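Biologist: I would like to learn how to read a model of this kind, feature by feature. Please give me the general idea each time, then the case at hand.

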Amino acid sequence: MSSDAAAVDENDLRERITQFLMRNFPQIEGHGGSHEILDLDVEAGSVTIALGGACEGCGVSPMTTQALEARLPREIPEIQVVRAETSDTFSAGGRGFDPDDVPF
């Protein structure tokens with residue numbers, strides 16, 4: 001483990017990533033989508049983010065994914081690799097958009 005990785009607090013880094021998502025991508029939740037950090041490897045400087053709910057099948061989600069992968073490392077230098085994905089298993093976890101909640 002490098003000394004830089006050892007100095008990074010995983011909980012702090014996780015919180016900074018969550019705040020980045022809420023600040024830079026409010027439309028995810030505003031449009032019925034959701035996000036979750038699936039994996040954070042402090043030593044490798046990588047994070048995997050799942051986009052769920054209404055992000056599944058959304059035509060804009062590839063652009064959201066590209067923006068996450070480009071912008072997050074610029075704002076949080078401890079992260080060099082970002083994997084953002086949509087996943088049926090994530091949306092099935094009870095978070096995000098539920099079509100049964102739509103009143104029409």
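Biologist: Is G57 buried or exposed?

Modeller: Burial is judged by relative accessible area: under 20% is buried, over 50% is exposed, and anything in between is partly exposed, with a 1.4 Å probe and protein chains only. G57 has a relative accessibility of 75%, so it counts as exposed. It lies in the loop between β2 and α4. T86 is 29 residues from G57 in sequence, and their C-alpha atoms are 8.3 Å apart in space. Before going on, note that this is a predicted model, in which local features need pLDDT of at least 70 and side-chain atom pairs count only at pLDDT 80 or more, while totals for chains, interfaces and linings use all residues. Residues are numbered from 1 along each chain as its sequence is written, and side-chain values use heavy atoms, with hydrogens and water left out.

Biologist: Which residue of β2 could I set against that, and is G52 buried or exposed?

Modeller: G52 lies in strand β2. Its relative accessibility is 0%, so G52 counts as buried. Over the protein chain, 37% of the 104 residues count as buried.

Biologist: How many helices and strands does the protein chain have?

Modeller: Elements are DSSP runs numbered from the N terminus: helices are H or I with at least four residues, strands are E with at least two. The protein chain has five helices and three strands. From the N terminus on, their order is α-α-α-β-β-α-β-α.

Biologist: In what order do the strands of the sheet stand?

Modeller: Strands of a sheet pair through backbone hydrogen bonds, either parallel or antiparallel. For counting, two strands pair if DSSP finds at least two bridges between them. Here three strands form an open sheet in the order β1-β2-β3, with mixed pairing. β1 (33-41) and β3 (81-86) are at the edges with a single partner strand each, so one side of each has no neighbour in the sheet. On average, neighbouring strands of this sheet are turned by 20 degrees against each other, direction ignored.

Biologist: How many bridges join β1 to β2?

Modeller: Eight bridges join β1 to β2 (residues 46-53), and the two strands run antiparallel. E36 stands opposite A50 in β2, and D41 stands opposite S46 in β2. The hairpin of β1 and β2 has four residues between the strands, and G45 takes a positive phi near 70 degrees there.

Biologist: Where does α2 lie relative to the strands?

Modeller: Directions are compared through axes, which are lines fitted to C-alpha atoms, for helices over the stretch in contact; angles run from 0 to 180 degrees between N-to-C directions. Helix α2 (residues 10-24) lies across β1 and β2, at about 150 degrees to β1. Helix α4 (residues 61-75) packs on the sheet and touches β2 and β3, its direction making about 160 degrees with that of β3.

Biologist: Which residues of α2 are buried?

Modeller: L13, I17, F20, L21 and N24 are buried in α2. Down the axis of α2 they fall within an arc of 95 degrees, so they line one face of the helix; the arc is that of the directions from the helix axis to the C-beta atoms. They pack against α3, β1, β2 and α4, where contact means heavy atoms within 4.5 Å.

Biologist: What do the buried residues of α4 pack against?

Modeller: The buried residues of α4 are S61, T64, T65, A67, L68, L72 and P73. Their partners are α2, α3 (26-30), β2 and β3. T64, for one, is buried with a relative accessible area of 12%. It touches F25, I28 and L51, not counting residues up to four places away in sequence.

Biologist: How many residues does the largest nonpolar core have?

Modeller: In soluble globular proteins, nonpolar side chains tend to be buried together. A nonpolar core is a set of buried Ala, Val, Leu, Ile, Met, Phe, Trp, Tyr and Cys residues joined through side-chain atoms within 4.5 Å. The largest one here has 20 residues, and those with the most contacts inside it are I17, L40, V47, I49, L72 and I79. At least two residues of this core come from each of α2, β1, β2, α4 and β3. α2 supplies the largest share, four residues. Leaving out residues up to four places away in sequence, V47 touches I17, I37, D39, L40, I79, V81, V82 and R83.
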